[in-house]
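Have the viewer open while you read.

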Amino acid sequence: MTDENEIGNEDVPVRAGDGVRLWTTRVGTGPPVVLCHGGPGLWDFLGDLAGSLADRATVHRWDQRGCGRSQRVGPYSLARSVADLDAVRRHHRLDRMVLLGHSYGADLALRYALEHPGRVSGLIYVSGTGIDHRDTWRADYRRNLRVGLGAHLARWEELESRPERTGAEEREWCVLQCSADYAEREGALERARAAATPWFGVNAECNATLNAEVGREAGTPELRAACERLAVPVLLLQGARDIRPHRVLDSLEAALPRVARNVFSGAGHLPWVEEPDAFRAAVGAFLAHP
């Protein structure tokens, strides 16, 4: 009988160490790049990003545990997420890989690289929130979010305040919030709706549990010291108009020994959407010489 974890095929689900099924797919040819989507509790909506890199890499996507097309089963923890990512690596028969993580996925990719540096040839950290405690930037983010919502603020606040939301209301709330992540306001709502189509729902338990754990680790001397020891080359990518303050990456950049940083002046939280050519060029150069 063939072991599913030994088949590098997107048609066969990854089996995590505890048997939970994880959805995965791949596109392109070239050196392996594994994407880690944001959230936590969302799903992989990075198909356009994967397609833009398919002429220079084999790009592997996956839905994290409890999210999207993966089995909706816990437990949820950073250690479990790192182990799940390693199961994806083994499934696709990758000795080493470049990790590209977006938002929370950037933090997950960083944690994996810290634990398994020998399995990571490079780390592309996109729109993450660094290693400082959230109190150093969270208030600015919440204020910028409200400004970014503009005319949709009242509706977002109404939905935000409800103790329970229907499925349709949950999607509307999520779309409104994500619309503030685009620097260009015209068309932002349409882009957010497209990213939420198809809609798989937000795993609230996963979101709350992992956010709490990331928050507890942020700002600790142990995390900073681990980053200072990381020998893996890292590329930090960030939109200058992200509603998360630009300074969130300063201490991470200072801690990493092998690091480069690109800031896209016309982009928000999803720079590959708003500055696709510049983003593709930066990633391509890193893949050529990580």
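This is a predicted model: local features need pLDDT of at least 70, side-chain atom pairs count only at pLDDT 80 or more; totals for chains, interfaces and linings use all residues.

Searching the whole structure turns up five aromatic pairs. One of them is Trp43 with Trp199, an edge-to-face pair with centres 5.3 Å apart and planes at 90 degrees.

- The Trp43–Trp199 pair bridges distant parts of the chain, 156 residues apart. Trp43 is in the loop between strand S4 (32–36) and helix H1 (47–53), while Trp199 is in the loop between helix H7 (188–195) and helix H8 (204–217).
- Trp43 also pairs with Phe200: the ring centres are 5.6 Å apart and the planes meet at 70 degrees, so this one is edge-to-face, since anything over 60 degrees gets that label.
- With Trp43 in the S4–H1 loop and Phe200 in the H7–H8 loop, this pair ties together parts that are 157 residues apart in sequence.
- Put together, Trp43, Trp199 and Phe200 make up one aromatic cluster.

- Trp43 is buried, because its relative accessible area is 4% and the cut-off is under 20%.
- Trp199 is partly exposed, at 25% relative accessible area.
- Phe200 also counts as partly exposed, with 28% relative accessibility.

**Charges over rings**

- Arg69 lies over the face of Trp23, 3.7 Å from the ring centre.
- Arg165 has its charged end over the ring of Trp173, at 4.4 Å from the centre.

Methods
Residues are numbered from 1 along each chain as its sequence is written. Side-chain values use heavy atoms; hydrogens and water are left out. Rings of Phe, Tyr and Trp (its six-membered ring) pair if their centres lie within 6.5 Å; planes under 30 degrees apart count as stacked, over 60 as edge-to-face and the rest as tilted. Helices (H or I, at least four residues) and strands (E, at least two) are DSSP runs, numbered from the N terminus. Buried means under 20% relative accessible area, exposed over 50%, partly exposed in between (1.4 Å probe, protein chains only). A charge sits over a ring if NZ of Lys or CZ of Arg is within 6 Å of the ring centre and within 35 degrees of the ring normal.
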